[in-house]
Amino acid sequence: MNLMQDRRFAPFFWTQALGAFNDNVFKQIILLLLTFEAAPHMHWNSSLLNSIGMMLFMMPTLLFSSWGGRLADTRDKATLIRTLKTFEVACMVLAALAIWYEAYVAMMGILALIGIQAALFGPVKYAILPQHVPRAHLVGANAWIEMGTFLAILLGTILAGAMIELPDSHRYSIIGITLIAVALVGWWSSCRIPTAPPQQSTDGSQAITRSALKQFWTQRSMRFAILGISLFWFLGTCYLSQLNVWVKEIAGGNASMISALMAAFAIGVGLGALLYSKLSAGRLELGLVPIGALVIAVCGTLFAYSGPAGGAAEELGLLMRLRDGTLPPMMLELIGVGIGGGLYIMPLYLMLQIKSDPGHRARMVAVNNIVNALFMLVASLFAILITNVLQWSLPVFYALVALCALLIGVACFGYNPRPCLRIMIFMGMRLCYKLRIKGREFIPEEGAAVVVCNHVSYTDALILAAASPRPLRFVMYAPIYEMPLVNGFCRVAGAIPINNARNTPSAMRRTFHQIKKALDAGEVVMIFPEGQLTRNGEIGSFQRGIERIIQETPVPVIPAALSGLWGGWGTYKDTPPFSGWPKKIHARVRMMFGEPVAPEQATRELLYQRVCQLKQYLDSLH
């Protein structure tokens with residue numbers, strides 16, 4: 001499906017991209033005028049002005065998002081978008097007049113009006129996508145939206161910086177014409193968005209808003225998604241609210257250098273969104289959230305101390321800062337921050353879309369925007385506290401922001417460690433083996449299932465964890481589970497111990513109870529039905545335990561097979577496992593999941609047959 005040629009997606013993509021472009025051009029021009037013209041001439045504090053400007057842009061989100069969510073859930077979304085784009089055209093006409101007359105206070109007021117339009121547009125922006133785009137293409141659609149948004153920010157920052165540098169005789173007229181023209185093109189594009197009627201009754205809107213708030217607070221997935229997204233906007237606001245002052249006071253640059261750094265950040269986020277789309281293979285991949293936060297922390301720390309010690313001696317233009325080597329490291333570091341941001345934010349927005357109730361998804365997005373605005377407001381107050389009240393330096397401020405990103409990553413990992421462990425295992429197995437994986441689509445995106453596989457090597461479980469698009473709960477040999485250096489990892493990974501050597505009734509009952517509990521919770525349990533490693537490379541007979549599991553908890557059973565590991569360091573070929581030097585490092589290993597078997601058909605004989613067929617097919621490919 002080519003989304004950019006789809007009439008349900010393409011007009012909306014261009015509408016929101018042009019809106020983001022215009023909002024950013026106007027906002028950036030206002031902040032540049034305040035920093036480089038209003039503050040010096042009127043003796044205003046530039047850091048405080050930037051923080052106030054960001055707060056004026058964000059406050060409408062806090063005040064109007066709930067209303068925007070109700071409108072988006074109870075009105076045709078396409079009609080609502082056209083109305084909001086008409087409002088944007090009117091705002092841009094007022095903005096052009098304010099800039100022409102150098103009315104700085106009026107500019108700040110219009111910044112708040114643009115914030116109102118953005119607050120009302122936010123809920124419908126994410127609520128209309130699942131209505132127009134099939135679930136299978138939702139990750140790609142979100143990646144396009146994020147890439148388009150941040151590409152619009154990139155172009156907007158570049159254009160804003162370029163227009164500010166124009167001669168005074170032409171500058172304000174060109175700015176005004178540009179703002180109005182882009183708004184009109186965005187309105188024209190919005191007229192081509194197909195209808196998107198409400199997905200529920202229009203009655204009881206206040207009650208449904210309370211329901212959305214309750215869902216946010218009580219549903220674990222919604223709370224994780226919305227608080228995670230809000231923390232991203234806290235970090236982003238901290239970075240962008242003081243970037244103008246950083247360039248002027250620390251790096252010794254001008255408006256074009258600010259545009260270059262903001263463009264670097266936007267490029268990074270777009271690259272991060274595309275990287276997420278590639279790594280996730282179209283699925284929700286929460287394991288990338290803490291990894292993204294860690295990338296932000298590392299690159300943010302480098303950025304905090306990348307400016308000249310004691311500040312720049314003089315203000316120089318973009319080309320001079322490129323030549324003296326000041327700018328390139330900063331741009332690379334902000335690209336890194338953006339990549340981490342893209343990896344971090346993409347799965348959280350996808351989670352918000354697919355886990356929320358379709359009947360009031362827009363109101364859930366509105367709740368998200370309200371919480372986002374609160375965190376962005378806190379970020380502005382945090383910037384004022386650090387830079388104006390405590391009067392700490394900007395490098396210290398950005399170092400604190402990087403520390404916040406690190407703490408967020410640690411908290412996300414602690415809250416839900418298994419998806420992140422799966423990503424790290426995947427990276428490790430990719431380094432050790434030439435993995436070829438097939439049939440990942442047979443693992444259900446949601447709901448319980450049991451995976452059964454042949455058992456060749458002590459690394460089988462790690463390879464399966466790397467191959468599966470969802471975290472697996474492994475049933476593993478108890479003596480290995482209890483080893484001191486392994487036990488902590490096994491507990492975090494949610495492994496379930498079983499002791500075949502001492503299979504007393506009470507011990508087996510505990511094992512089967514844990515398996516049933518995991519399946520009842522909608523998790524995927526992984527079992528090696530042979531009960532031991534193969535001694536000759538062939539698949540041994542399956543034990544009765546798999547039938548007992550399915551009888552107690554009827555769920556689909558997914559056969560799987562491994563090929564290419566026999567003879568490796570962790571197998572019984574010729575010598576006991578892990579004896580001698582490592583063998584078959586970086587060998588070609590094939591892993592395949594087969595079609596699920598219905599629980600009423602899942603006998604051990606049939607499952608054994610399916611796994612053997614898969615292995616024979618994989619062996620034929622070597």
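A: The answers below concern a predicted model.

Q: Let us start with charges. How many salt bridges are there?
A: The count comes to nine salt bridges.

Q: Which residue pairs with Glu285, and how far apart are the closest N and O atoms?
A: Glu285 forms a salt bridge with Arg422, and the closest N and O atoms are 2.1 Å apart.

Q: Where do Glu285 and Arg422 lie?
A: Glu285 is in the loop between helix H11 (255-280) and H12, whereas Arg422 belongs to helix H17, so the pair ties together parts that are 137 residues apart in sequence.

Q: Are Glu285 and Arg422 buried or exposed?
A: Both Glu285 and Arg422 are buried.

Q: And which residue does Arg8 pair with?
A: Arg8 forms a salt bridge with Asp6, with 3.3 Å between the closest N and O atoms. Arg8 counts as partly exposed, at 32% relative accessibility. Asp6 counts as buried because its relative accessibility is 15%, and the cut-off for buried is under 20%.

Q: What about Glu605?
A: Glu605 forms a salt bridge with Arg604; here the closest N and O atoms are 3.9 Å apart. That distance still qualifies, because a salt bridge requires the nitrogen and oxygen to be within 4 Å. Arg604 is partly exposed, with a relative accessibility of 25%.

Q: Which residues form a network of salt bridges?
A: Arg418, Arg473 and Glu523 are linked in such a network.

Q: Which residues form the nonpolar patch?
A: The nonpolar patch on the surface is formed by Leu294, Val298, Leu302, Leu403, Leu406, Leu407 and Val410, which together have about 630 Å² of accessible area. Helix H12 (288-304) and helix H16 (394-415) are the elements that give two or more residues to this patch.

Q: Which helix gives the largest share?
A: H16 gives the largest share, with four residues.

Q: And Leu294, where is it and how accessible?
A: Leu294 is found in helix H12. Its relative accessibility is 46%, so Leu294 counts as partly exposed.

Q: Now for the interior. Why is helix H10 described as largely enclosed?
A: Helix H10 covers residues 243-251, and seven of its nine residues are buried, so the rest of the structure largely encloses it. The buried residues are Leu243, Asn244, Val245, Trp246, Val247, Ile250 and Ala251.

Q: What comes after H10?
A: H10 is followed by Gly252, which has a positive phi, near 70°.

Methods. Residues are numbered from 1 along each chain as its sequence is written. This is a predicted model: local features need pLDDT of at least 70, side-chain atom pairs count only at pLDDT 80 or more; totals for chains, interfaces and linings use all residues. Side-chain values use heavy atoms; hydrogens and water are left out. Patches are made of residues with over 30% relative accessible area and no salt bridge: like charges are joined within 9 Å, nonpolar side chains (Val, Leu, Ile, Met, Phe, Trp, Tyr) within 5 Å. Accessible areas come from the Shrake-Rupley method with a 1.4 Å probe; for residues, only the protein chains shown count as cover. A salt bridge is a side-chain nitrogen of Lys or Arg within 4 Å of a carboxyl oxygen of Asp or Glu. Buried means under 20% relative accessible area, exposed over 50%, partly exposed in between (1.4 Å probe, protein chains only).
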